[in-house]
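Subject: Handover of a structure, with notes

Hello,

I am passing a structure on to you, together with my notes on it. Please look through the sequence and the model first, then read on.

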Amino acid sequence: MPDVPDVTLEGLYGQMVLDHCRNPRNNVPLDAPDVEAEEFNPFCGDRVIYQLKLDQWGRVSGASARSEGCSIIRASASMMAELSTGRTLPELQGLSDSVRGMMQGRGIGDRPAADLGDLNALQAVRQYPVRIKCALLPWTALEVGVEMFLARQG
Ligand code: ZN
């Protein structure tokens, strides 16, 4: 396992990332989730398990993200879980596109930045290109989980 130092983010963004690491939101496992996916990055040992419960209208009624690894994946997973509740799966796919666009420097489209909430703090990670993967791993789990669910629906 290569020894990768954790990043240091300063200022407000750094505090927000640290706060999510120390107090992860929505990290309690769900019973009988409708959507579930796990992703692993052997490079830094990051791992995330993402779960969703849907209500009868297809809206997320419960979200859980359990993660381990560096501060960036833990913050990103916590922010993602917090923003998942109340959205439909297509809305989550759109949100994921925006986060990917933000991290890869393509922009977030028509979406107001405020819609990304605390995730805006992850922009600071772009100065550490190797960490962009860490920030995006939870979103890969979201995309895989949603695709598997939609494929099952036919
Ligand atoms: Zn990482």
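Below are the conventions, followed by what was found, element by element.

This is a predicted model, so local features need pLDDT of at least 70 and side-chain atom pairs count only at pLDDT 80 or more, while totals for chains, interfaces and linings use all residues. Residues are numbered from 1 along each chain as its sequence is written, and side-chain values use heavy atoms, with hydrogens and water left out.

Helix α1

Helix α1 covers residues 11-22, twelve residues in total. From first C-alpha to last it reaches 17 Å, close to the 16 Å expected at 1.5 Å a residue; the expected span is 1.5 Å times one less than the number of residues.

Burial is judged by relative accessible area: under 20% is buried, over 50% is exposed, and anything in between is partly exposed (1.4 Å probe, protein chains only). In α1 the buried residues are G14, V17, H20 and C21. These residues lie on the same side of α1, because they cover an arc of only 130° around the axis; the arc is that of the directions from the helix axis to the C-beta atoms. An α-helix has 3.6 residues a turn, so residues three or four places apart point the same way. On the other side of α1, the residues L12, Q15 and R22 are exposed.

Where α1 meets α2

What do the buried residues of α1 pack against? They pack against α2, residues 71-84. The axes of the two helices, α1 and α2, come within 8 Å and cross at roughly 80°. Axes here are lines fitted to C-alpha atoms, for helices over the stretch in contact, with angles from 0 to 180 degrees between N-to-C directions.

Contact means heavy atoms within 4.5 Å. From α1, M16, V17, H20 and C21 take part in the contact, and from α2, S71, I72, R74, A75, S78, M79 and E82. The residues of this contact between α1 and α2 divide into six nonpolar, three polar and two charged. For that division, Ala, Val, Leu, Ile, Met, Phe, Trp, Tyr, Cys and Pro count as nonpolar, Asp, Glu, Lys and Arg as charged, and the others, Gly among them, as polar.

Helix α2

The 14 residues of α2 reach 20 Å from first C-alpha to last, close to the 20 Å expected at 1.5 Å a residue. Twelve of the 14 residues are buried, so α2 is largely enclosed by the rest of the structure. The buried residues of α2 are S71, I72, I73, A75, S76, A77, S78, M79, M80, A81, L83 and S84. What covers them includes α1, β2 (46-54), β3 (60-68), α3 and α4.

A77 belongs to helix α2 and is buried, with a relative accessible area of 1%. Leaving aside neighbours within four places in sequence, A77 is in contact with V48, A65, S67 and P138. A77 and Y50 are 27 residues apart along the chain, and their C-alpha atoms are separated by 8.3 Å. Just after α2, G86 takes a positive phi of about 90°.

The loop between α1 and β1

N26 lies in the loop between α1 and β1 (35-41), and A32 is found in the loop between α1 and β1 too. N26 has a positive phi of about 50° although it is not a glycine. Phi of A32, a residue other than glycine, is also positive, near 45°. N26 is partly exposed at 31% relative accessible area, whereas A32 counts as exposed at 57%.

L95 lies in helix α3 and counts as buried, at 0% relative accessibility. Leaving aside neighbours within four places in sequence, L95 is in contact with L83, R87, R111, D115, L116 and W139. A124 lies in the loop between α3 (89-103) and α4 (129-153) and counts as buried at 15% relative accessibility. Not counting residues up to four places away in sequence, A124 touches L9 and Y13.

Regards

Terms used:
Helices (H or I, at least four residues) and strands (E, at least two) are DSSP runs, numbered from the N terminus.
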